[in-house]
Amino acid sequence: MKGSEVKREYRRVDAALKVTGRARYGSDFDGGTSPAYACLVTSRIARGRISRFEDAPVRALPGVLEILSFKNLGGRIKQGQTFPIGYMNSSIVPLDSPRIWHAGQVIAVVIANTFEEARAAARQLKVEYVGEPPTASFAVGDEGVDAVGQTEKGPAVGDAIGAYAKAPVKIDARYATPTQHHNSMELFTTTCAWKDGKLTVWESSQNVYGYQYGLADQLGIAPADVRIVSPYLGGSFGGRSFLPQTTAVIALGAKMIGRPVKLEATRADGFTIATYRAETRHRVRLAATREGQLQSLIHDGWEVSSRGDAYKVAGVEMSTRLYACNDVASSVTVCAADRATPGFMRAPAEMPYLFALESAMDELSVALNLDPIEFRRINDTQVEPIEGRPYTSRALMQCFDVGAERFGWNRRNPTPGSMRDRDWRIGFGCASSLYPTYMAPAAARITLRADCTAQVQTAAHEMGQGVRTVVAITAAEGLGIPVDQVRVEAGESSLPPGPVAGGSNSTASVCNAVAKGCQDIRERIIAAAIAAAEGPLKGASAREIRFIDGYLVCATGREPLRTAIARLGRGALEAYAENSPHGTPAEGVAGMYKGLPAFTGGMFLKDRIQCAFGAQFVEVRVHERTGEIRVPRLVGAFAAGRIVSPVTARSQLMGAQIWGMSAALLEATEIDAHHARYVNADLAGYLVPVAADIGQIESIFVPEEDLLINELGIKGIGELGNVGLNAAIANAVFHATGVRTRELPIRIEHVLERLS
Ligand code: MOS
């Protein structure tokens with residue numbers, strides 16, 4: 001950082017708070033005094049309408065205070081604006097009508113004095129339905145998927161079909177990824193309280209500004225009358241980016257009974273009242289010259305969305321821009337099902353679409369008899385092939401080189417099934433990773449007090465990724481004070497606006513604003529120190545003065561920061577700073593104060609493209625007789641610009657790599673095709689890895705300096721670590737067994753038959 005130097009390996013600033021249980025999560029709040037408790041009643045059918053709803057007998061049950069349904073809430077909640085303009089993923093207005101859009105839809109909320117009374121009453125509620133046969137997923141047709149979806153062309157250049165036909169070596173393969181749910185530790189909880197016409201909502205959120213403006217819009221009240229409090233999130237992964245259906249309902253419930261209401265939805269409810277990762281299908285056609293130069297890349301994707309909203313992630317935006325190729329085509333088809341609307345889940349677009357592309361790259365490298373790393377090297381580029389925009393920096397092959405070295409890729413015998421250890425067949429696999437570097441306008445207020453402690457206020461979100469740590473480090477470095485002298489206030493809509501904690505943009509967006517504020521404070525202190533009648537820095541050149549360990553330092557002398565602050569004659573110095581990244585719409589931060597979301601970077605810029613890159617390496621072992629698949633080693637090498645906090649960054653990458661493995665081998669939400677209902681909506685049936693599933697993990701940072709991307713040279717890392725790992729595992733399973741698995745999660749039955 002310009003102007004200051006501090007040592008660089010720090011702890012997580014809130015580690016002690018977290019391990020001693022003092023950090024307060026959304027679910028920890030009770031809205032002040034004695035809230036009433038809510039219990040959800042959800043639809044048993046996936047499509048149709050409620051034909052009979054009798055709440056009168058239930059209203060008479062012990063402790064029951066109110067029952068919310070379409071009968072008393074119909075027309076009360078306005079339809080919120082949906083993504084990408086608004087804050088909702090779904091246009092379904094909760095409790096608006098008897099219409100049923102999906103199984104697990106909230107159809108009533110029982111509010112009672114205690115949670116037990118609310119639950120007991122909810123179970124007594126008599127509801128009858130008139131159902132229609134639902135569509136659960138893709139309807140299987142000739143193309144392998146529903147042909148009635150809405151198809152949109154994606155990025156394209158040249159004549160991909162013609163080039164594919166002419167090329168000598170080619171593959172044409174179909175891939176599938178399943179529905180997945182976030183299942184963060186913290187359940188979906190909201191507590192709402194009204195006081196003097198103002199609403200306070202305690203709810204874990206990745207988007208406190210969005211929730212504030214979205215909720216005000218839904219309820220028809222002024223944004224200034226809504227406050228969202230979310231100091232810590234117990235996991236999120238994209239699942240708390242969109243304003244959920246339940247918040248406005250609970251807010252109205254609290255208003256109706258004149259008392260705070262707390263809803264803690266069950267684990268099973270979380271599968272249908274919140275967002276999830278949509279099921280996808282892919283067809284990838286790849287062709288190359290015999291030497292391995294890509295001649296054609298055609299990526300067609302299909303995604304399932306709800307009947308009401310054509311939500312899509314359209315990962316072809318990135319999969320078509322990763323490698324050099326003159327002839328590219330792509331499309332995305334959104335298919336409607338009787339399901340809740342999907343939403344963001346860690347690397348929403350890149351996880352499924354790079355599974356397909358990076359599996360296909362491996363298949364073509366086998367067809368070419370080329371090492372998969374060398375195949376990628378031949379097609380590496382510093383310019384994306386569609387519009388010809390340069391990457392601001394791209395260290396993909398450096399990541400492969402560093403990762404291969406650490407992993408021991410040179411020990412790999414390329415012949416599938418050739419590496420064995422007793423009854424286990426060993427497979428080495430690799431794949432590219434990338435994540436677009438997105439940014440958003442952000443603001444921060446910095447206060448430096450006379451005792452050299454500082455406070456930073458910004459509406460960023462601590463989801464465990466370490467935003468408070470990176471903000472504290474940035475302020476400490478900017479002011480030349482120890483990190484533990486910086487206090488960070490975050491996770492509240494009344495603070496200076498911060499962006500949605502999505503698309504891995506928080507560190508780059510927020511730290512650049514914090515750094516600007518610190519610079520402003522430094523400049524004021526320096527100006528006074530230079531102009532002082534006496535003192536060691538009198539007359540020094542401003543550019544030479546550094547802020548180091550509580551001192552202002554230059555070649556001719558140094559002065560305690562304390563003295564320099566005191567010279568300004570105030571108890572504290574305050575700076576408010578805004579940062580509007582390259583490509584931001586004109587409103588910038590001002591737009592955020594009006595509730596306008598702004599998001600830029602990645603592939604959305606006219607003049608350039610900005611991404612972080614990585615290389616994923618895995619070793620799998622497949623048991624010859626049982627087909628059991630184990631993953632003893634994960635090695636990832638990532639280049640993501642300046643790493644502000646190595647401790648929390650490594651932890652994020654490690655978590656992401658584990659999730660990549662989990663998504664490849666364990667996680668899938670199973671749906672009953674006939675009833676369109678989830679059958680494993682709990683952590684017993686929805687598999688996630690435990691410690692015994694995890695072997696060695698290495699997460700390596702490949703040094704990278706990108707002076708173009710933003711002032712501090714920061715790229716996002718939150719989602720980078722799990723992209724491509726699913727493909728690396730499938731590629732390793734192929735290498736171990738000779739069985740190509742094109743459907744996730746990869747299970748024993750995929751490999752067992754072909755093993756013996
Ligand atoms: Mo991330 S899925 O954009 O929170």
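The legends below accompany an overall view and several close-up views of a predicted model.

**Figure 1. Overall view of the chain and its dimensions.** The chain of this predicted model contains 19 helices and 31 strands. Its radius of gyration is 27 Å, close to the 27 Å given by the globule rule for 756 residues, so the chain is as compact as a globular protein of that length. The C-alpha trace spans about 85 × 75 × 50 Å along its principal axes, and 62% of the 756 residues count as buried. Where contacts link residues at least 6 apart in sequence, 80% of them join residues that are at least 24 apart.

Figure 2. Helix α10 covers residues 350-368, and its 19 residues should span 27 Å at 1.5 Å a residue; the end C-alpha atoms are 25 Å apart, which agrees. Of these 19 residues, 17 are buried, so α10 is largely enclosed by the rest of the structure. Just after the helix, Asn369 takes a positive phi of about 60 degrees.

Figure 3. Ala347 is placed in the loop between β15 (328-337) and α10, and its phi is near 55 degrees, a positive value in a residue other than glycine. With a relative accessible area of 0%, Ala347 is buried. Asn722 lies in the loop between β31 (696-701) and α18 (725-737), and this residue is likewise buried, with a relative accessible area of 0%. Leaving aside residues up to four places away in sequence, Asn722 touches Arg346, Ala347, Met351, Gln616, Ala656, Trp659 and Gly660.

Figure 4. The 13 residues of α18 should span 18 Å at 1.5 Å a residue, and the end C-alpha atoms are 18 Å apart, which agrees. Since 13 of the 13 residues are buried, α18 is largely enclosed by the rest of the structure. In the loop between α18 and α19 (748-755) is Pro745, which is joined to Leu744 by a cis peptide bond with omega of about -10 degrees.

Figure 5. Asn183 belongs to the loop between β8 (169-177) and β9 (189-195), and has a phi near 50 degrees, which is a positive value in a residue other than glycine. The relative accessible area of Asn183 is 17%, so this residue counts as buried under the 20% cut-off.

**Figure 6. Close-up of Lys538 and its contacts.** Lys538 is located in the loop between α14 (506-531) and β22 (546-548). When residues up to four places away in sequence are not counted, Lys538 touches Ala529, Ile530, Ala532 and Ala533. The C-alpha atom of Lys538 is separated by 62 Å from that of Leu252, a residue 286 places away along the chain.

How values were computed:
Residues are numbered from 1 along each chain as its sequence is written. This is a predicted model: local features need pLDDT of at least 70, side-chain atom pairs count only at pLDDT 80 or more; totals for chains, interfaces and linings use all residues. Side-chain values use heavy atoms; hydrogens and water are left out. Helices (H or I, at least four residues) and strands (E, at least two) are DSSP runs, numbered from the N terminus. The radius of gyration is taken over C-alpha atoms; the globule rule is 2.2 Å times the number of residues to the power 0.38. Buried means under 20% relative accessible area, exposed over 50%, partly exposed in between (1.4 Å probe, protein chains only). Contact means heavy atoms within 4.5 Å. The expected span of a helix is 1.5 Å times one less than its number of residues.
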